[in-house]
Amino acid sequence: MEIEVIQNKIHEVRGCKVMLDFDLATLYEIETKVFKQAIKRNLNRFPKDFMFELSQNEFDSLRSQIVTSNRGGTRFMPFAFTEQGVAMLSSVLKSDKAIDINISIMRTFVAIRQFALNYSELQNKIMEIEGQFPEIYNVLNYLVEKDTNNTDKERTKIGYKK
């Protein structure tokens, strides 16, 4: 499974990176109803920091972000699974497909975390360089601001008139 496909199904809700039950069911190639039944039979494996049900406002907000349909008039709010909740799914869904998908999802979560660490390290290094060379940083900021101010003015057109 490609990382990009899984990354597009990871959302941020309540400050956590989560995957929604209908997205997971699609990845596992099972019906959402069957997926939810398996979860409900094993609720004791999913504490609140592993899985939680979205509120109506959270679902509406996500729906506008991911441009989904009304899903045929969803009667129940979707479950959101954190990384630990997705890992716990491997003990509930035991098919070979589920195992392969879980491995891919775990690798995607690790890749996202690694990217975030690398990004923050890069940001810290840039801040350190800015602190060592404040004059250069000020000149670059001045040039950027000057350039953005000049783009607003109309320029005299050159060339042949028709």
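Predicted model: local features only at pLDDT ≥ 70, side-chain atom pairs only at ≥ 80, totals over all residues.

Tutor: Residues are numbered from 1 along each chain as its sequence is written, and side-chain values use heavy atoms, with hydrogens and water left out.

Student: How many helices and strands in the protein?
Tutor: 7 helices and 4 strands. These are DSSP runs, helices being H or I of at least four residues and strands E of at least two, numbered from the N terminus. The order is α-β-β-α-α-β-α-β-α-α-α.

Student: Which residues are buried in H3?
Tutor: In H3 (residues 32-41), Phe 35, Lys 36, Ala 38 and Ile 39 are buried. Buried means under 20% relative accessible area, exposed over 50%, partly exposed in between (1.4 Å probe, protein chains only).

Student: Why are they on the same side of H3?
Tutor: Because they cover an arc of only 160° around the axis, taken from the directions from the helix axis to the C-beta atoms.

Student: What does the face turned away carry?
Tutor: Exposed Lys 33 and Arg 41.

Student: And what do the buried residues of H3 pack against?
Tutor: H2 (21-28), S3 (51-53), S4 (79-81) and H5. Contact means heavy atoms within 4.5 Å.

Student: Switching to H5 and H6. Which residues meet?
Tutor: From H5, Glu 83, Val 86, Ala 87, Leu 89 and Ser 90; from H6, Asn 102, Ile 105, Met 106, Phe 109 and Arg 113.
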